[in-house]
Amino acid sequence: WINASSTNTHYRKFRLASIDAWQQLDNELGLGIIWGGALRWQPEGPAADRLANAINILKNTDYALQNLSPDNFNITAPEFTPNEMAVAGLSTVDGHLDPLAVTHKLVARAKALGASIKTPCTVEGLLMNGDKLQGVKTSCGDIALDRLVVAAGVDTPDLTAIIGYKPPLVHAPGILAHTLPVKFSSKKVVYAPGIHFKQFADGRIVGADAEEPPQSIAHELIRSKAIKFPDKEIENMHTQRIIDKIANVFPAAKNAGPDRLTLGFRPKAKDGFPILGFTPGSIDIYTAVMHSGVTLAPIVGRMVAKEIMEDRAEPILSPYRPERFI
């Protein structure tokens, strides 16, 4: 989900700049981004109050969140059937993409421009001479480097700890149910009570029913560390459960067969913002830990490249430096 949904003014503008960058990349490389906006609704209760407050804060910003009356909702989004709706909002600049397909296109473009891609290839350690970077030790052999960008997600602290810096990340597991293709029926990202989802152009639907595992004995292990799903039967059960919830508000999903469930561990700093900058204690090693990674990818890629190649700080990145945690 490519969005600028934040009540933090600087962070929202940062994300809006990245939406512009995505639009440019989409035009240049044909990434297949679906620009259909995002729709949210909530029934009576605290969640509705929070959504109404967000609408009030954002309605006159560059990321306008419009309040939708029931009649306007039915006109704007007839493909959805909310069971209960006290408050609804629509933002029109949002998009969504298939991260795997887009990554393959970006890698192909990088290769065409002369980049060397080594995969599979695991980074096993840093090669240092005192506090000076020499390169990296990998499963493909030692690789000499002038500078290194550590963009290793949840594994970032394991690498940067070698030079004495461990960014404080929170453990953030999440699942996504993936369906087989059905008729393409909506361009919108949907954030509804107990469910959020989007549909790709080929008809696949991807969604989840929770931001994180519930507080229960059965989920204690996954809430404490990164693990694999226990077995295929449990995976299929969760996939179908999520599909059924999506179908309750998106009738086009009623005939969607389950494909797979993905379990991921999101790199999130403890304050919820990116960590971007040369790693404390090094002038050669740059740390880039993201949330939201998909939304911010193009603008961060550009700014990090500038900082490294031109040896000058980009002011837009100043609130997100690693030093804020020291």
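Predicted model: local features only at pLDDT ≥ 70, side-chain atom pairs only at ≥ 80, totals over all residues.
Figure 1. Sorted by class, the lining residues of the second largest pocket are 13 nonpolar, 3 polar and 3 charged.

**Figure 2. The ring pair of tyrosine 11 and phenylalanine 273.** The count of aromatic pairs in the model comes to 11. In the pair shown here, the ring centres of tyrosine 11 and phenylalanine 273 are 4.9 Å apart. Their planes stand at 90 degrees, so the pair is classed as edge-to-face, for which the angle must be over 60 degrees. Tyrosine 11 belongs to helix α1 (residues 9–29), whereas phenylalanine 273 sits in the loop between β14 (268–269) and β15 (275–278). The pair thus links distant parts of the chain, 262 residues apart. Tyrosine 11 has a relative accessible area of 5% and is buried. Phenylalanine 273, with a relative accessible area of 23%, is partly exposed, because buried requires a value under 20%.

**Figure 3. The ring pair of tryptophan 41 and phenylalanine 73.** The rings of tryptophan 41 and phenylalanine 73 have centres 5.4 Å apart, and their planes are at 90 degrees, so this pair is edge-to-face. Tryptophan 41 lies in strand β1 (residues 38–42) and phenylalanine 73 in helix α3 (residues 70–76). The two residues are 32 residues apart, and their pair links distant parts of the chain. Tryptophan 41 is buried at 1% relative accessibility. Phenylalanine 73 is buried as well, with a relative accessible area of 0%.

**Figure 4. The aromatic cluster that includes tryptophan 41 and phenylalanine 73.** Ring pairs connect Trp41, Phe73, Phe80, Phe197 and Phe250 into a cluster. Among its members, Trp41 comes from strand β1 and Phe73 from helix α3.

**Figure 5. The hairpin of β15 and β16.** Strand β15 and strand β16 (residues 285–289) run antiparallel and are joined by 4 bridges. Across from isoleucine 275 stands valine 289 in β16. The hairpin has 6 residues between the strands. In this hairpin, glycine 281 adopts a positive phi near 95 degrees.

Methods: Residues numbered from 1 in each chain as written. Heavy atoms only, no water. Phe/Tyr/Trp six-rings, centres within 6.5 Å; stacked < 30°, edge-to-face > 60°. Buried < 20%, exposed > 50% of the residue type's maximum accessible area, 1.4 Å probe, protein only. Pairing = 2+ DSSP bridges. Nonpolar A, V, L, I, M, F, W, Y, C, P; charged D, E, K, R; others polar.
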